[in-house]
Structure formats: C-alpha cells, structure tokens
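Morning, everyone. I have one protein for you today, and I'll keep it brisk. Please have a look at the screen.

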Amino acid sequence: FMKAQGKDIGMISAWGKGKGDQETALKAIDNLIARSSEIAHQFPPGTSADDFPGKSKAKADLWKNMDKVKAIVAEVKAEEEKLRETIKTGDAQASGKQASGLYRNNCNSCHNSYRLSERS
C-alpha cells in the first residue's frame, strides 16, 4: 500500500521533471486520492514494529495517537485534491513542486512521528 503511494508520488514528480506525462500524473493522483481514506486502516492494532520486527515500520505510539493520524490523513487528502487541480492545469513544473511539498510536509508529518527511520 505505502509502496504504491510512493510510486504514485514518484510518477507525478517525474512529470514535474519532464520525464512523464500529464495523463500518467492524473492517474497517479487519482490513485492517491482513492487510497487516502484507507491509510489509517492499514495499521490494525498489534501490527507495530514491536509486534513484527523487521516487517513493520510502525511505531507503537501510532495507536496512542490515532486521532492525530486521522487528522493528518485528512490534511493529506485535502492537499491531494489541490494537487489534482494543479495537474489538470497542465503545469508540470508546478505539479512536481506541489507533489514534493505534499510528501515533504504532509506525508512526512506522519512518517516522522510514527514510522521507524531506516536507521532504527
């Protein structure tokens, strides 16, 4: 699920760098929007890195803060909707920049708090 999310962001970013096309970027953002409401459901209780070392990257704190996680997910979806409108304008560079901001600012607000780093 999360790898598919990353792939879709990557396709939008590629278009922003002149390595993709608008149709692919639109499909990617539609995929992201369709999955948004499912993000929080990807983490049933008992699936943290403590429960599944080496398989899960979710910190145990995620479940203590599920209301915050759901609020972040709502923000992500709102930003994805804005990004879709930008992609529809045909401005590849603005779309790529916005996709980068979506990941850096919105997705990472959850990742930084509730996902183990690669070095953990």
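First, a caveat. This is a predicted model.

Now the fold. We have five helices and zero strands. Along the sequence the pattern reads α-α-α-α-α.

Next, dimensions. The C-alpha trace spans about 45 × 25 × 20 Å along its principal axes. The radius of gyration is 15 Å, and that agrees with a compact globule of 120 residues, which would have a value near 14 Å. How much of the protein counts as buried? The figure is 34% of the 120 residues.

The accessible area comes to about 7300 Å². Carbon and sulfur atoms hold 51% of that. As for charge, there are 20 positive side chains and 16 negative ones. The centres of the two sets lie 5 Å apart.

Now the core. The largest nonpolar core has 23 residues. Which of them touch the most other members? They are Ile12, Ile29, Val69, Leu83, Ile87 and Tyr114. The largest share is from α4, with seven residues.

Zoom in on Ile29. Set aside its neighbours within four places in sequence. Ile29 is then in contact with Ile12, Glu80, Leu83, Arg84 and Ile87.

Leu26 is our next stop. Leu26 sits in helix α2. Is Leu26 buried or partly exposed? Partly exposed, because its relative accessible area is 21% and the cut-off for buried is under 20%. Beyond residues up to four places away in sequence, Leu26 touches Arg84, Ile87 and Lys88.

Where is Asp50? Look in the loop between α2 (22-36) and α3 (61-64). Asp50 is exposed, because its relative accessible area is 62%, and the cut-off for exposed is over 50%.

Two distances to finish, both C-alpha to C-alpha. Leu26 and Asp50 are 24 residues apart in sequence and 37 Å apart in space. Asp50 and Lys68 are 18 residues apart in sequence and 21 Å apart in space.

That's my tour. Over to you.

Methods:
Residues numbered from 1 in each chain as written. Predicted model: local features only at pLDDT ≥ 70, side-chain atom pairs only at ≥ 80, totals over all residues. Heavy atoms only, no water. Helix = DSSP H or I, 4+ residues; strand = E, 2+ residues; numbered from the N terminus. Rg over C-alpha atoms; globule rule 2.2 N^0.38 Å. Buried < 20%, exposed > 50% of the residue type's maximum accessible area, 1.4 Å probe, protein only. Areas by Shrake-Rupley, 256 points an atom, 1.4 Å probe, with all protein chains shown as cover. Lys, Arg positive; Asp, Glu negative; His and termini not counted. Charge placed at Lys NZ, Arg CZ, Asp CG, Glu CD. Core = buried A, V, L, I, M, F, W, Y, C linked by side-chain atoms within 4.5 Å. Contact = heavy atoms within 4.5 Å.
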